[in-house]
Amino acid sequence: MDLTEGTLEEKQNRAKKMMLWFGIISLIMSFAGWTSAFVVSSTRPDWLKDFQMPNAFTVSTVVILISSVTFILAKYNLKKGNNRATTMWLLATLVLGIVFIFNQFTGFNQILQLGYNFTGPTSNVTMSYIFLIAFVHILHVAVGLICLLVVIYNHFKQKYNPTKMLGFELATTFWHFVDILWVYLFLFLFFMR
């Protein structure tokens, strides 16, 4: 398809989607850099080799996967014109996103209770990497929650319908990216100990 084809609205929609993908690609590159640094640093003599991931990180992985399903169900119901179900699934996604962040901080607390610190004289480079990677991801989930709140607000204002849902689609794409990113990070941290 010629990118110059279509109405002005169609061109603007394509441009917005493309800008989101440019952002996602730059985030992928950032996290690839951090995980690469993690691998390189794992050869250090002070690297923790027997560290177990906190149980809260496992729970948060399940929660974020469920949140992707609820967002898919919200989009499905919006396409069907079922606004009540769309609202229910959007609110469920919001709650699950908050539960995810809560579990991440619970995981940090579990790490601290094991005697590992993220910074300072009692810190460990392994824990510092885990903290950095997980915390930066939490920030992106928080951005996803803000996007979700905007989508919920616009949904209540009835700005979306089965033929006009660009903002909804952009938020869905970003949310799924953040979900997939956490699954990758969790598996990476789990298997690269």
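At what angle do the axes of H2 and helix H3 (residues 83-113) cross? Select both helices and look along the pair: the axes come within 8 Å and cross at roughly 165°. That makes H2 roughly antiparallel to H3 (the term applies to angles over 145 degrees). Colour the contact by residue type and you will find 19 nonpolar residues, 13 polar and no charged.

Before moving on, note that this is a predicted model, with local features needing pLDDT of at least 70 and side-chain atom pairs pLDDT 80 or more, while totals for chains, interfaces and linings use all residues. Residues are numbered from 1 along each chain as its sequence is written, and side-chain values use heavy atoms, leaving out hydrogens and water.

Next, stay with H2, residues 55-79. Its 25 residues should span 36 Å at 1.5 Å a residue, and the end C-alpha atoms are 37 Å apart, which agrees (the expected span is 1.5 Å times one less than the number of residues). Following H2 is Gly 81, whose phi is positive, near 80°.

Now show the salt bridges (a side-chain nitrogen of Lys or Arg within 4 Å of a carboxyl oxygen of Asp or Glu); the whole structure has two.

- Select Lys 17 and Glu 169, which meet at 3.5 Å, N to O. Lys 17 lies in helix H1 (residues 8-41) and Glu 169 in helix H5 (residues 166-191), 152 residues apart. Lys 17 is partly exposed at 37% relative accessible area, as is Glu 169 at 22% (partly exposed lies between buried, under 20%, and exposed, over 50%, with a 1.4 Å probe and protein chains only).
- Finish at Arg 44 and Asp 46, which meet at 2.9 Å, N to O. Arg 44 is partly exposed at 38%, and Asp 46 is partly exposed at 37%.

Note on methods
Helix = DSSP H or I, 4+ residues; strand = E, 2+ residues; numbered from the N terminus. Axes fitted to C-alpha atoms, helices over the stretch in contact; angles between N-to-C directions. Parallel < 35°, antiparallel > 145°, perpendicular 65-115°, else oblique. Nonpolar A, V, L, I, M, F, W, Y, C, P; charged D, E, K, R; others polar.
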